[in-house]
Amino acid sequence: AKLIEREEFKTTALVRRVLNANFRLGAKENAEALATFATREDADETHRWEALTLLSRWTDPPGRDFFTGESWPLAKRDGAELPTLVRRMELHGIAKAPRKIAVAWIELAAKCNASASAATLVERAQDHDADLEVRTAAITAAAKIAPAALEPALAALVSDREAKVRASALGAIDALSPEKAYPLLEKAANEGSREERRVAYVALAKLDDARVDELLAYQLDKLRGGFTPVEVALDLVLAAEQRSATVVTLALDALRAPRKLDPLLAPFVDSLYGGDKERGRRIFREKAETTCMRCHRIEWGEGGKVGPDQRGVGARLSRLELLEAIVDPNRRITSGFESVMFTIDDARYVAGVVVEEDAETIVVRNAQDELVDLDARSITARKPDLSAMPQDVSKTLSREELRDLLEYLANLGDDQ
């Protein structure tokens, strides 16, 4: 952990170990060390971003180790020092760092309610020369931790030339002034960009106004006809599901009717597009209920070998095929990963993927990613077995999480 204070250490594996060591130790000085590292302009941008990511998880650590992916739970921490560290990083100019770093800092500020940084957040939101992702993140953060500071800027932001900025401002206006929201939200739902529509659907679902039901039913009919961007399909459906009006219920029934042909996939068809790759990456790496990384290789060659290497999977499979592999893994098993159940003469059973086989020995990789040597002469029977992938993974994922996971997998390149 102390290596973080050195000026010269740039090997990715070593840097990640050092950052992770500070995260796991979890003392105030470790949080300070991560914050200081995040402001180092001589450090690699990805490493600085990772330091901020670790700080964002400081109070609620994941159940799995960031570096190894192994189960290694940590107790929750109060994080009382985080707002001060956010302010300290701000004074070192991190708000104008490269996009990835600036956004991570802004998200950390929002998460720990660093209200002392509100003025800088509003300034970045209004800066037309700033990166779009920085501006939108700043709007969202300011609306959460300092709405009064943001309100004077909203009139201009909702009419900004950039659609993503307008979408973020619409979300903030809904939070600050719901009574003024409907005309703006109606226009966004009918004419807006994908980002604006997404915000509008979420906001409309909360309004107590009969006009909302007619509008959402109309939008569902457009989706059924193929005239609504597929990237916002899930947002629209989720919004409609929160309404009880008959006109909305009938529109939902009409949308779902043809999907009854495949009951397993039907609930998730609206999750095929529009996810967030970064959130999907976190689900793959960290969500304990799915344990994806235990069996599959991803970036930097991390992960297990029980299942297929996921690097480049988006070029090999369509999104629908990816969805099938997650929801119904036995529908189509990747060649070379067919599982076999062996019966041994002492009434033992061993299941796994055959790695090597000759007349004397069969080497099997089991579901725990362990290689097991079997004496071929002791095998009394062998038959195809179910996929090693859990059959109920989809039951542990919300539709939003599945959408994010699909976006991550679809964009996971060969060279990562």
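The protein chain has 19 helices and five strands. Helices (H or I, at least four residues) and strands (E, at least two) are DSSP runs, numbered from the N terminus. This is a predicted model: local features need pLDDT of at least 70, side-chain atom pairs count only at pLDDT 80 or more, and totals for chains, interfaces and linings use all residues. Residues are numbered from 1 along each chain as its sequence is written, and side-chain values use heavy atoms, leaving out hydrogens and water.

**Overall picture**

- The C-alpha trace spans about 80 × 60 × 35 Å along its principal axes.
- Of the 416 residues, 49% count as buried. Buried means under 20% relative accessible area, exposed over 50%, and partly exposed in between (1.4 Å probe, protein chains only).
- Take the contacts (heavy atoms within 4.5 Å) between residues at least 6 apart in sequence: 61% of them join residues at least 24 apart.

**Helix 5 and helix 7**

- The axes of helix 5 (residues 99-111) and helix 7 (residues 132-145) come within 9 Å and cross at roughly 10 degrees. Axes are lines fitted to C-alpha atoms, for helices over the stretch in contact, and angles run from 0 to 180 degrees between N-to-C directions.
- The two helices are therefore roughly parallel to each other. Angles under 35 degrees count as roughly parallel, over 145 as roughly antiparallel, 65 to 115 as roughly perpendicular and the rest as oblique.
- Helix 5 makes the contact with residues including Ala102, Val103 and Ile106, and helix 7 with residues including Val134, Ala137 and Ala141.

**Aromatic pairs**

- There are two aromatic pairs. Rings of Phe, Tyr and Trp (its six-membered ring) pair if their centres lie within 6.5 Å; planes under 30 degrees apart count as stacked, over 60 as edge-to-face and the rest as tilted.
- Phenylalanine 23 and tryptophan 58 are edge-to-face, at 5.8 Å centre to centre and 80 degrees between the planes.
- Phenylalanine 23 lies in helix 1 and tryptophan 58 in the loop between helix 3 and helix 4, so the pair ties together parts 35 residues apart in sequence. Phenylalanine 23 and tryptophan 58 are both buried.
- Phenylalanine 284 and tyrosine 408 have ring centres 5.7 Å apart and planes at 55 degrees, so this pair is tilted.
- Phenylalanine 284 is in helix 15 and tyrosine 408 in helix 19, 124 residues apart.
- Phenylalanine 284 is buried at 3% relative accessibility, and tyrosine 408 is buried at 0%.

**Charges over rings**

- Arginine 77 lies over the face of tryptophan 58, 4.1 Å from the ring centre. The rule: NZ of Lys or CZ of Arg is within 6 Å of the ring centre and within 35 degrees of the ring normal.
- Lysine 100 lies over the face of tryptophan 49, at 4.4 Å from the ring centre.
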